[in-house]
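Please keep the structure open while reading.

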Amino acid sequence: SFGGALVKTSRNCSGGLTPWGTTVTCEEDAPAGDVNADGYQDIGWNIEIDPKTRKVKEYGNGKQEKLWAMGRMSHENIVFKQDSITSYYGEDEPDGNVYKFVASKKTDLSSGTLYVLKLNNTLDANGDPTGTTGTWVVLANSTKTDRNNTKILAKNAGATAFNGVEDVEISPINGQIYFAAKGVGRTYSFKDDGATVSNFKTFVGGETYPINFGSGIIAEEWSGGNDNLTFDDKGNLWVLQDGGKNFIWLVRPDHTQAAPKIELFMATPTGSEPTGMTFTPDFKYMFLSIQEPSAASTTQKDVKGTSVLFNRSHLLVIAR
């Protein structure tokens, strides 16, 4: 509900849950337009919604507002640290950036300091880093002009461009930040040291990996399309591919590119995208969407031998 204060929301993407129980939805589009003439472009923002009231939050100004201080861009998702102050998010563009927002006070996302990631070394032609360190560059975000033009400010600051930043997540095991770049089929990880970052690397992707298959091992190409990321309580990283092979991979926390520890969990029906993986708090149940399979998908057998046809979108519930 916008209550007349806001125009609309559009192309709501992955989003994220806050530690204080609200949800933030992310607009994965940033077209020009200011229909209500409030000085803010209408689309291209994060929006905090209270699931109890089903309304956009107010922040003391007597009206519902989008999260202007977080900046305008093609938002993909957002993840929050348990400190209720710090969040990370990415921009789904061929020259997408990675951002950090540190709120001025806990549980209030209406004001704070906005940073963009700038690596100290470049990425090579394959999208792999040539160094391991970087800095967080502060971006102006106090005026409407600043906030409307976050992308331009990031580019002018020399922010590192990643090809299609998708999901950003925080490992429950080591506290490091992981994010997917769909265009190069890689998931990166790094340690946030405050003003700087260290241990930046390609965590997984871009290679052919040995996969257990029945009683043997086969070599499976990773391919592209890294999209949704999800951590379970054991620190396993689940990587869902949109494009490429549309696989769901399970990457163990002690995986390295030199000594891979990867399993293939699922190959989705023809033409479909796996997305939206989440777990119940006790991690006994997984929820998973299968988006838009091909109408030409063939019949498959379920565990009872019954023929099933996955030729339209489905929600799966998987129990341990």
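## Salt bridges, patch and cavity

D193 and K191 join their side chains in a salt bridge, with 2.5 Å from N to O. The model is predicted. Across the whole structure, a search finds 15 salt bridges.

**The D193–K191 pair**

- D193 counts as partly exposed, because its relative accessibility is 35%.
- K191 is also partly exposed, because its relative accessible area is 40%.

**The K245–E220 pair**

- K245 and E220 meet through their side chains in a salt bridge of 2.6 Å, N to O.
- This pair links distant parts of the chain, 25 residues apart.
- K245 sits in the loop between β17 (237–241) and β18 (247–251), while E220 lies in strand β15 (residues 216–221).
- K245 has a relative accessible area of 29%, so K245 is partly exposed.
- E220 has a relative accessible area of 14%, so E220 is buried; the cut-off for buried is under 20%.

**The D254–K261 pair**

- D254 forms a salt bridge with K261, and their closest N and O atoms are 2.7 Å apart.
- D254 is partly exposed, because its relative accessible area is 44%.
- K261 is partly exposed, because its relative accessible area is 40%.

**A salt-bridge network**

- Salt bridges also link E166, K182, D227 and D242 in a network.

**The nonpolar surface patch**

- Four residues named Y285, F287, L315 and V317 form a nonpolar patch on the surface.
- Together, Y285, F287, L315 and V317 have about 380 Å² of accessible area.
- Two strands, β21 (285–291) and β24 (314–319), each supply at least two residues of the patch.
- L315 belongs to strand β24.
- L315 counts as exposed because its relative accessibility is 57%, and the cut-off for exposed is over 50%.

**The cavity**

- Rolling a probe the size of a water molecule over the atoms shows where empty space is left.
- The structure holds one cavity of 30 Å³ or more.
- The largest cavity has a volume of about 30 Å³.
- Its lining consists of L6, V7, N36, D38, Y40, Q41, D42, K66 and W68.
- How do the residues of the lining divide into nonpolar, polar and charged? Four are nonpolar, two are polar and three are charged.

Definitions and conventions
Residues numbered from 1 in each chain as written. Predicted model: local features only at pLDDT ≥ 70, side-chain atom pairs only at ≥ 80, totals over all residues. Heavy atoms only, no water. 1 Å grid on protein atoms, 1.4 Å probe; cavity = no way out; pocket = protein on both sides within 12 Å on 5 of 7 lines; lining within 4 Å. Points joined across faces, edges and corners; volume = space filled by probe spheres on them. Nonpolar A, V, L, I, M, F, W, Y, C, P; charged D, E, K, R; others polar. Patch = residues over 30% accessible without salt bridge, like charges linked within 9 Å, V, L, I, M, F, W, Y side chains within 5 Å. Areas by Shrake-Rupley, 256 points an atom, 1.4 Å probe, with all protein chains shown as cover. Helix = DSSP H or I, 4+ residues; strand = E, 2+ residues; numbered from the N terminus. Buried < 20%, exposed > 50% of the residue type's maximum accessible area, 1.4 Å probe, protein only.
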